[in-house]
Amino acid sequence: MARKGGGERRLDRIDLRRLLPLVGATLLIAGGLFCAWQTWLIADESDAAERTRSAQRDAVRVLGDAFRVHLDRLHKAVNDPALLAILDDHPAAASRLHQALPDARAVDVYSGGLDEVVHADYRQFGYAKAAQLMAALGAGQASPASTAVQGGERRLTLVEPVGAPGDVRAWVWVEYAFDEWRDRFESVSPAGGRLELHQSASGDSAPLLAKGKRSAEREASGLPVPGTAFYMFAALPKAFIVLPHSAVLGGLLALIGLGGGGFLAWRRMTMPPPVERDDEGDDILVADVVRKPRLPPAPTPAPALEAPAAAATHEADASIFRAYDVRGVVGAALNADTARLIGRAIGGVMNEHGLREMAVGRDGRLSGAELAGALSDGLRAAGIDVIDVGAVPTPVVYFAAFHLGTGCAVSVTGSHNPPDHNGFKIVIGGETLSGDAIADLHRRIVERRLPEGGQGTWREQSVTEAYVGRVVGDIAEADRRLKVVVDAGNGIAGPVGPRVLEEIGCDVVPLHCEVDGRFPNHPPDPSDPRHLADLIAAVRAVGADLGIAFDGDGDRIGVVGPDGEIIPSDRLLMVFARDVLARNPGATIVYDVKCSAHLRRVVQEAAGVPLMWRTGHSMVKAKMRETGAALGGEMSGHFFFADGNRWYGFDDGIYAAVRLVEILAGDPEERAVGELFDDLPRSVSTPELRLAVEGGMAFRFMESFRDQADFGDGRMTTLDGVRVEWPDGWGLVRASNTESALVFRFEADTPKALERVKDAFRQRVHAVNDAISLPF
């Protein structure tokens, strides 16, 4: 390099006028390319959705064709004159059919009245098989193809009548391997989305088959597979689109970015070269750059160690700590690490109260064993001895706390929620945790106030036999034998509920009583009338006296009368209250704000003290302990018996079922079951009406609603939400504590009064927020 005055030529500083156009051009071009990519995604979005829907139709056609082949062969076989000649010899007829249907795994023939099925031992015969045959008998026609799990292997099953309509001579039950359907399903490409095969029109149950991207968003309704009980759902591909959904706008932004970037790049290339500067002072010598490199800056001191709280918050998402329990989606907010932390937090509370043993059980969900194991590890790390009572209903876990003398129990359960949910119902020192006690567990995790290094023990101990014996021993011998259909919704109450009812003298017809954590038939939530359709059909088909549905963990029930009418839980509470008060006059009966206004009068007429309280199983139990109440109940189907020494005061759907049977079967007037329910006061009412809202909005809305509510001569109660009563009806709105939703319920003496109450609430709701679209 040339020298100047014996010194080194100096270079000009970086010229920002030359640098900024280069940076701007780069950013604009990158932004233009991104907008061009977004434009392509927007333009392709509808085509991508149509491709997936086309794949959905192809899958329906492929599976429908496969099923039609089997059905045509079956129709041909059952109409064979040679078969009809030997039809009364059921084993011989089954053998001949099996020869005509070589692909079938099993073929059975039963009488036209299915007498041998009605009186079968369903643990040996198969719950799902009995339910399918009974449904066909009730409908008087072939049952749509369904599935069942046999020996851990899924099968496709069909029921076909032999004979003329109204004169069925026999029923043929055929079982095929499900592998053929699985193979045909796998042969269809989901075309960038996802395909799901469900055994319900709602799609609430876990898919039987699924293929494609997990991130795809499933549509609300599916296409039926002809001749079957199956529905094919399409989940549409979800593209990463951040721009407004407008291809024109996206294209315009792309042109602006690319054009602007190109212009700045051109300006940069046409700028004159930099001028060398000879002035001294601020210039940097080349030699200085080469020989004296700039030293790195001094390191910044590390921040104080406050990170553990943030880390713990991440590991234990605050959203899973609910008002009544801990609950979340497995793999998202809830996992084994979270369960371990919760176990340590629970152990810390127990240590402070001098408690040393914990009973742990779980429901039938697929994630239950892992979460229960992790929870137990956390408890043991806190020095707590764990007694694992296995996969049992939640009330059996509660019973274990009394039977084993621990006073503490955790049921790992997602209750009635979808299969990918799970959670923890926690009892410490005989009290079910709720509210601030649940929040305290989260605070302990966030603040790292967690015991560790303990040496707690672990052992397995079943209490199921003791529970069954305790329940059966408490129930008076029935004066008459009732026929009861039990729908467990494939929940954990399936093995225990029917058994207890059989042992107190009922003829039990089980329905969906095989435990399957995917809930393939319907969600195990008896408070939703849609999920009682199978139970209603079965009760009518077999002429049962009663239908009982359990929720996923067995602490709630739903009841159907002999004519298929759903008996609301507040009316059941009237039945229980009359019975309890007959032996315990003056006792307190606790019920939640969603229950009928007639309940107060029924309790008072039976010489009891009615007490309305907040919704939530833990809330009701706490109030019962505080007041010494003999009975409690919720509209959701939780019932709590604490009358004398008969039961323990926790919510138990199985015990509630047998107490109901005891009352109905022991009626001194021997009235039919339907007459006993008809004796209860009637009204016109709605079920619980839920309106999903954005997170946190429900509670903000309720604050504004309470402040602005003016219902004239209506008597307003703000115990839990806002309940307003008039002489001929009442209405309620409250924020759900289990989901982001507003809950409404209305009751009145006449349809006209009901509409007036609903209209009053409509006006007040819209006065607060006129954008809300109400479900009534």
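Modeller: Let us start with burial: a residue is buried under 20% relative accessible area, exposed over 50%, and partly exposed in between (1.4 Å probe, protein chains only). At 11% relative accessibility, Arg194 therefore counts as buried. Please note that this is a predicted model, in which local features need pLDDT of at least 70 and side-chain atom pairs count only at pLDDT 80 or more, while totals for chains, interfaces and linings use all residues. Residues are numbered from 1 along each chain as its sequence is written, and side-chain values use heavy atoms, with hydrogens and water left out.

Colleague: What share of the 776 residues in the protein chain do buried residues make up?

Modeller: The share is 51%. The chain exposes about 34,600 Å², of which carbon and sulfur atoms supply 53%; accessible areas come from the Shrake-Rupley method with a 1.4 Å probe, and for residues only the protein chains shown count as cover.

Colleague: How many helices and strands does the secondary structure of the protein chain come to?

Modeller: Helices (H or I, at least four residues) and strands (E, at least two) are DSSP runs, numbered from the N terminus. The protein chain has 24 helices and 35 strands. Contact, in turn, means heavy atoms within 4.5 Å. Of the contacts in the chain with a separation of 6 or more, 67% join residues 24 or more positions apart.

Colleague: Which residues is Glu175 in contact with, leaving aside its neighbours within four places in sequence?

Modeller: They are Ala104, Arg105, Ala106, Arg155, Leu156 and Thr157. Glu175 itself is placed in strand 7 (residues 167-177), and its relative accessibility of 8% makes it buried.

Colleague: How should I read a salt bridge?

Modeller: Side chains of opposite charge can pair when their charged atoms come close. The criterion is a side-chain nitrogen of Lys or Arg within 4 Å of a carboxyl oxygen of Asp or Glu. A search of the whole structure finds 62 salt bridges. One of them joins the side chains of Arg53 and Glu219, at 2.7 Å from N to O. This pair links distant parts of the chain, 166 residues apart: Arg53 belongs to helix 1 (residues 16-78), and Glu219 to the loop between strand 10 (217-218) and strand 11 (223-224). Arg53 is partly exposed at 27% relative accessible area, and Glu219 is partly exposed at 21%.

Colleague: How are aromatic pairs to be read?

Modeller: A pair of aromatic rings is described by the distance of the centres and the angle of the planes. Rings of Phe, Tyr and Trp (its six-membered ring) pair if their centres lie within 6.5 Å; planes under 30 degrees apart count as stacked, over 60 as edge-to-face and the rest as tilted. The whole structure has 24 aromatic pairs.

Colleague: Why is the pair of Phe399 and Tyr467 edge-to-face?

Modeller: The ring centres of Phe399 and Tyr467 are 5.6 Å apart and the planes stand at 75 degrees, so the pair is edge-to-face. Phe399 in helix 13 (residues 394-403) and Tyr467 in helix 15 (residues 464-474) lie 68 residues apart, and the pair links distant parts of the chain. Phe399 is buried at 2% relative accessible area, and Tyr467 is buried at 0%. Both Phe399 and Tyr467 belong to one aromatic cluster, whose members also include Phe576, Trp647 and Tyr655.

Colleague: What does a positive phi tell the reader?

Modeller: Most residues other than glycine have a negative phi, and most peptide bonds are trans. Phe519 has a positive phi of about 50 degrees although it is not a glycine. Phe519 is found in the loop between strand 22 (507-511) and helix 17 (533-542), and its 3% relative accessibility counts as buried. Ala607 also has a positive phi, near 70 degrees, but Ala607 is partly exposed at 43% relative accessibility.
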